[in-house]
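Hi,

Here is the structure I said I'd pass along.

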Amino acid sequence: MKRIILFITLLCIVFSQFAFAETTADTDVQINSLYAANKLDEAYKLLISIPDEERTSQQCILIGNILMDKGSPDEAMFMYKSALDKDLKSYKAYYNIGNIHLTAGRPNMAIDNYKLAIKYNKEFAPAYYNMGCAYIKLNDLKKAKSAFHNAVFYKPNNADYHYNLAYTYKTLGKTKDAQYYLDFYNKIIQNNY
């Protein structure tokens, strides 16, 4: 009799976990659809209706992104840090924190966060690109060039990446290399990649 009760209890726990996972997946689909459709207020309302302890790292990042769109970087920073509390390897959270620091004129802190984003997703081209922009702010053109090269390597069809690499080469006095990447930039723009 005890085994039957234990079995039924375990079965109830397993089914409740499946039901919770399905509800969470449905909620995430709805949130992502609203966010993709630029219905940020509706997405935000749905996201904040989820209790803090039940929010996923990705949900915290989305709240942070919406708060950034609304012009609240301090609140967004809190949400990105909440995302890291839930998943220390969340490269998107580090990237977004880096963006806040870069916008606020703290390029060194931005670089530290971009490096963490890259640590957890080596192929995340936007982190390399923004790190290059931060190095330009610090007038460290050699490191900017390296960061832009990585961005181009991982996402070769992004015109901005080529343009900033061309700019960096030009600033370093390497006009031939600058022209090479400027030609790529023009080709991408002409072909509407």
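**Around His101**

Leaving out neighbours within four places in sequence, His101 is in contact (heavy atoms within 4.5 Å) with Met77, Arg106, Pro107, Met109, Ala110 and Asn113. His101 sits in helix H5 (residues 91–103); helices here are DSSP runs of H or I, at least four residues, numbered from the N terminus. His101 is buried at 8% relative accessible area (buried is under 20%, exposed over 50%, partly exposed in between, with a 1.4 Å probe and protein chains only).

Before you go further: this is a predicted model, with local features needing pLDDT of at least 70, side-chain atom pairs counting only at pLDDT 80 or more, and totals for chains, interfaces and linings using all residues. Residues are numbered from 1 along each chain as its sequence is written, and side-chain values use heavy atoms, with hydrogens and water left out.

**Aromatics**

The whole structure has 13 aromatic pairs (Phe, Tyr or Trp rings, six-membered for Trp, with centres within 6.5 Å; planes under 30 degrees apart are stacked, over 60 edge-to-face, the rest tilted). One of them is Phe153 with Tyr154, edge-to-face at 4.9 Å centre to centre and 85° between the planes. Phe153 is exposed at 61%, while Tyr154 is partly exposed at 24%.

Tyr163 and Tyr185 make a tilted pair, with centres 5.0 Å apart and planes at 55°. That pair links distant parts of the chain, 22 residues apart: Tyr163 is in helix H9 (residues 159–171) and Tyr185 in helix H10 (residues 175–191). Tyr163 is partly exposed at 40%, and so is Tyr185 at 22%.

There's also one aromatic cluster formed by Tyr91, Tyr95, Tyr114 and Phe124.

Cheers

Definitions and conventions. Helix = DSSP H or I, 4+ residues; strand = E, 2+ residues; numbered from the N terminus.
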